[in-house]
Amino acid sequence: FTLTPVPEPSTFALCGLATIAVVYVMVFQTTRRRWTAPSAAILLTLSVQFLLYARQSRHYSLHALLACLLVWQFTRLDSWKNSALFAAIAVVLFHSHPIAIAPMVGLGLLTSLHPAFRAHRRWFWRAVPLVLALTLPWMWLAEAGYAQNSKLTGDLATLVFRAGQFVIECASVTAVLGAIAMAVAARRRNAPPVGAERPLVAAILAAMASYVVVMALTQGRTEIFAMGVRYAPAVIPFMAVVNAILIARVSRGRWPITVALLLVLGFTNLGRLTPWTFWETPSAKRDDTAVVAFHNPEHAVDRVLRTGQYGFLQSLVHSEPGTTGQIVEFLKSHASPRDVVVTNYGWEPLYFHTGLAQGLTVLSSYPIYGAAKAHGLPDYVFRADAARWIVWRQAWGRYRGQALDQLLANLEADRVPVRLMARIPETLWENRENTQFGRYPGNRHIYPWFSGLPDTLIFRVGS
C-alpha cells in the first residue's frame, strides 16, 4: 500500500477503465467501423475475470493497460519519437511484472517474419537498447527472487504440457474457441481481416504466443492451473479485440448478426472451453497424474451461462467477509489496542486491519533468531505466553512445525488459562482473483471448492 491520497484499489480500477478506453480507441482507429470498437469494449467490460483483476491492488490491470499500449504503439513504429515511446512503455511494463515483457519477444520476431512489419524493424531494434539498459540491471539484482519463483525446465515434453495448460487457462476465461470458429467462418466466406486489421491481429497473436512460451518456460503445470492468467492478464483485452474484429468480418456489418454474436460471446461460455470439457470431473485441485487439467463448474447452467456476472453484480452491493474479514471484525470488537495476537496464517492482513502486535513470529529455528534477539526486538515476538489472543486457522495446519495442541499444552504447563471464544467458518482465502476459485455472496462458488474445512478457532489467553 502506498501513502498516496488515492487508495490503491481506486488506482487500479482506473487502470481497468483506461484499458477499456484504450481498447476502444485502438480498435476504432484500426477499423473505422461503427460497431467494432464498441463490440471490443463491451466484450471486455462483460469479462468478470477482467473486472476481478481490476479490483485488486496488484499489477493485473496496469499490466493489461500497458500491454495494450505496447502492441498499439508497435503498429505505429515509424519515427524516433514513436520508437522512444515504445521503449518507455516496454520498460514500465517490465517493472509492473517481469513476465509482462514477454510480448517483446514475439513482436521482435514479427518484424522479421511478417511483411507488414518489415518497415518497423529498424525502429523496433532502435528501441531495444534502451529497454535492455533499463531492465537487465534489475533482472541481475533480482535474479535470486526470480529463480525462487520459477520452475525452469529444458524437457521438451514438459514444456509442451505446460504450454497446453496455459492455453487451457486462456481458453477458460476468453472466447478462444469462439475466435477460432469465427476465423474459420470468415475464411469460408472470403471475409478475413483486411487492411490495418491484419497487422493488429498479428501483433496480438504474437504477444499471446510469447506469453505461452514464457509461462511454459518458467511455471509448472500445477502453478499455472492455480494462477490462471494472473501473470498474463493482457490476454483478456487482446481476445476482446480479436473477437470484435472477427465479429465484424463474419457479420459483414449486419447488426442482427453482430448483436447475436455479442450476446453469445458476452453472456454464455459457448465460445470458451468450459462447456466442451464435460468429461472432466469437477475438482478444486489439479490431478497431478493428468497431462493437463480443466476447470469445470459442478452445475450445467454454470457451464453454459456466465452466471459469474450476476454474482459479481451482487458482490458490488452485498459485502460478505471471508474468514480473515470475520477475524478482523471479532478482534476489533473484543481486543484492546495493546493486545498481542498469535496466529498461524494471514499475518499481514491481520496486522494491517487491526494494528495488533503479533507474537511468536520469530521462532528459534529461524536463521535470524539470534540477530533478532541481539537487536532487541520486543520479547513477545519470540514467545506465545505474552499473547492475549490465539487465532488458529486449522485448515492451514502447523505453523513451522508447531501445532495448536502443542501450543495449548505449553500454555497449560505454564498454568496460563486459555478459553475458546469463537468459531469462524473457514473460506481459506478472503477471496481469490481467479474466477475458478472466486467466492460470491451467499458463500457461493461457481467452480468446485474444498469441502469439510475445519473452523478457525479464536482463543482468549489469560483470565
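**View 1. Gln436 counts as buried, at 5% relative accessibility.** The model is predicted, so local features need pLDDT of at least 70 and side-chain atom pairs count only at pLDDT 80 or more, while totals for chains, interfaces and linings use all residues. Residues are numbered from 1 along each chain as its sequence is written, and side-chain values use heavy atoms, with hydrogens and water left out. Gln436 sits in the loop between β4 (418-424) and β5 (456-461), strands being DSSP runs of E with at least two residues and helices runs of H or I with at least four, numbered from the N terminus. Leaving aside neighbours within four places in sequence, Gln436 is in contact, with heavy atoms within 4.5 Å, with residues including Gln49, Ser172, His295 and Tyr447.

**View 2. Gly359 lies in the loop between β2 (357-358) and α20 (369-374).** Gly359 counts as buried because its relative accessibility is 2%. When residues up to four places away in sequence are not counted, Gly359 touches Val340, Val341, Val342, Tyr380, Val381 and Arg383. Between Gly359 and Asp379, which are 20 residues apart in sequence, the C-alpha to C-alpha separation is 8.5 Å.

**View 3. Helix α14 (residues 235-251) packs with helix α15 (residues 255-267).** The angle is about 145° and the axes are 9 Å apart, where axes are lines fitted to C-alpha atoms over the stretch in contact and angles run from 0 to 180 degrees between N-to-C directions. From α14, Asn243, Ile247, Val250 and Ser251 meet Ile257, Thr258, Leu261, Leu262 and Leu265 of α15.

Conventions:
Buried < 20%, exposed > 50% of the residue type's maximum accessible area, 1.4 Å probe, protein only.
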